[in-house]
Amino acid sequence: MAAEPAVLPVAPALRIDPELLLRAQGVRVAFFDVDGVLTDGGLYFTEAGETIKRFNTLDGHGLKLLQKAGITPAVITGRDSAPLRVRLKALGVEHAVFGTEDKRPAAEHILSTLGLDWSQAAAMGDDWPDLPVMRRSAFACAPANAQIEVRHAAHHVTQARGGDGAARELCDLLLVATGRYAGLLADYSA
């Protein structure tokens, strides 16, 4: 019987600007908007008036990887829906505030609950209600299709659009900044 060939470790292909990594090094919590960040920003309604949301599995896996690396994903959104709550529960996201346009106090409450401060926070948003959290966070990120003022306020604008892997790009950047990306990737290389 032939021996199974040895699997050689693969060096990560991801390359990130070292200045971005330095800025993101101390992040312990990452705040995410939903519509336009974790979704494509479109609002889909059934004939019965129910909201349907489309989530990207890359983003979902990124949120799970953050948790494995000791970074808490948190969601602050202006809307609320059953599909969103189901998705966040499936991802293990424990910190979420729904139905608020005033996102700064919600973020401050989560920071207080976690015993963290703004210097340990990252935030990703796509429109003006996200700016107060993004501007206070140590690391601010926006999807490629975010509103222009939000892109301007961000330290990093992703290549992907909201709902198409933009959140995963931020997750991966944070994982590299913590030094956990290569190790987590190796878990999937065996």
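Predicted model: local features only at pLDDT ≥ 70, side-chain atom pairs only at ≥ 80, totals over all residues.
The largest one has 34 residues, and the most contacts inside it belong to Phe32, Leu63, Leu66, Met124, Phe139 and Leu174. I then checked which elements give two or more residues to this core: helix 1 (18-24), strand 1 (29-32), helix 2, helix 3 (82-91), strand 6 (121-124), strand 7 (139-142), helix 7 and helix 8 (181-187). Helix 7 gives the most, with eight residues.

Next I picked Leu63 and listed its neighbours, skipping residues up to four places away in sequence. Leu63 touches Phe32, Leu38, Pro73, Leu91, Val93 and Cys171. I also found another core lying apart from the one above; this other core has 21 residues, including Ile76, Leu116, Ala142 and Val150.

Then I turned to a helix pair. How do helix 2 and helix 7 pack? Helix 2 (residues 57-68) and helix 7 (residues 166-178) have axes 7 Å apart, at an angle of about 25°. Angles under 35 degrees count as roughly parallel, so that is what I wrote down for helix 2 and helix 7. The crossing of helix 2 past helix 7 is left-handed.

Last, I looked up who meets whom. From helix 2 I noted Leu58, Asp59, His61, Gly62, Leu63, Leu65 and Leu66. On the helix 7 side they meet Ala166, Ala167, Arg168, Cys171, Leu174 and Leu175. Sorted by class, the contact has nine nonpolar, two polar and two charged residues.

Conventions. Residues numbered from 1 in each chain as written. Heavy atoms only, no water. Axes fitted to C-alpha atoms, helices over the stretch in contact; angles between N-to-C directions. Helix = DSSP H or I, 4+ residues; strand = E, 2+ residues; numbered from the N terminus. Parallel < 35°, antiparallel > 145°, perpendicular 65-115°, else oblique. Left-handed = near helix turned anticlockwise from the far one by under 90°. Contact = heavy atoms within 4.5 Å. Nonpolar A, V, L, I, M, F, W, Y, C, P; charged D, E, K, R; others polar. Core = buried A, V, L, I, M, F, W, Y, C linked by side-chain atoms within 4.5 Å. Buried < 20%, exposed > 50% of the residue type's maximum accessible area, 1.4 Å probe, protein only.
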